[in-house]
Structures are given as structure tokens and as C-alpha cells.
Amino acid sequence: MTDSSVSDPANRPNLLTIREVADILRVHPRTVYRLVQESALAAIRVGTQWRVPENALHAYIESGWKQWRPDPARQRGQERERQHKLPL
């Protein structure tokens, strides 16, 4: 007897390879391996290969957006410090 939710293709998680995740994040595959080893990115091992659930990748990206803060000096509308010129 099988669970109907697992056999339904719509409920199966979309699994990505390390290379696919690296292409999406525009990083080297070794960087993705490091994120998996550090448990920063959830993944499962299938034989000798790693697979990353698509929702885990989305969660990782969302957590990065939450941690990122824009540099206040680069915000529009703020006056920049005046640059001093040296005499020649």
C-alpha cells in the first residue's frame, strides 16, 4: 500500500542537482557543496550525488534577503561627504 500523496507527481518535490543550483545562484559548484556541508542549504544524498529540493533553495535565497541590508551611504537622496582635493 502506497501513500497517494507521494505517488501524485504534483506533490513530489522538484530536486535540483548541485550544478543546477550553482547555475541558478551563479556560483561555482564547489561553493554549493560547501553550503550543503555546512548545513546552510538543505539537501539529500541520492547514492553518491546530492540533490537540493527546490523549496530549500527558495528558503535559502529568502534567508539571504532577510539578512541583507543596503549600505546607507549608497542610498539615493542622501548627501555624500565632500571629497577633498589635494593641491598639485
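## Secondary structure

The protein chain holds four helices and three strands, where helices (H or I, at least four residues) and strands (E, at least two) are DSSP runs numbered from the N terminus. In order from the N terminus, the elements read α-β-α-α-β-β-α.

This is a predicted model, in which local features need pLDDT of at least 70 and side-chain atom pairs count only at pLDDT 80 or more, while totals for chains, interfaces and linings use all residues. Residues are numbered from 1 along each chain as its sequence is written, and side-chain values use heavy atoms, with hydrogens and water left out.

## Strand pairing

Strand S1 (residues 15-17) and strand S3 (residues 49-53) run antiparallel and are joined by three bridges; two strands pair if DSSP finds at least two bridges between them. Strand S2 is also antiparallel to S3, with three bridges. Arginine 51 in S3 stands opposite threonine 17 and opposite isoleucine 44.

S2 and S3 form a hairpin with two residues between them. In its turn, glycine 47 has a positive phi of about 70 degrees.

## Helix H3

Helix H3 spans residues 29-37, and its buried residues are Pro29, Val32, Leu35 and Val36. Seen down the helix axis, these buried residues fall within an arc of 115 degrees, so they line one face of H3; the arc is that of the directions from the helix axis to the C-beta atoms. Buried means under 20% relative accessible area, exposed over 50%, and partly exposed in between (1.4 Å probe, protein chains only).

The face of H3 turned away from the buried side carries the exposed residues Arg30 and Gln37. Serine 39, which follows H3, has a positive phi near 60 degrees.

## Surface and contacts

Leu15, Ile44 and Val46 make a nonpolar surface patch of about 220 Å². Isoleucine 44 lies in S2 (residues 44-46) and is partly exposed, with a relative accessible area of 40%.

Of the 88 residues in the protein chain, 16% count as buried. The chain exposes about 8200 Å², of which carbon and sulfur atoms supply 50%; accessible areas come from the Shrake-Rupley method with a 1.4 Å probe, and for residues only the protein chains shown count as cover. Among contacts (heavy atoms within 4.5 Å) with a separation of 6 or more, 40% are between residues 24 or more positions apart.

Terms used:
Patches are made of residues with over 30% relative accessible area and no salt bridge: like charges are joined within 9 Å, nonpolar side chains (Val, Leu, Ile, Met, Phe, Trp, Tyr) within 5 Å. A salt bridge is a side-chain nitrogen of Lys or Arg within 4 Å of a carboxyl oxygen of Asp or Glu.
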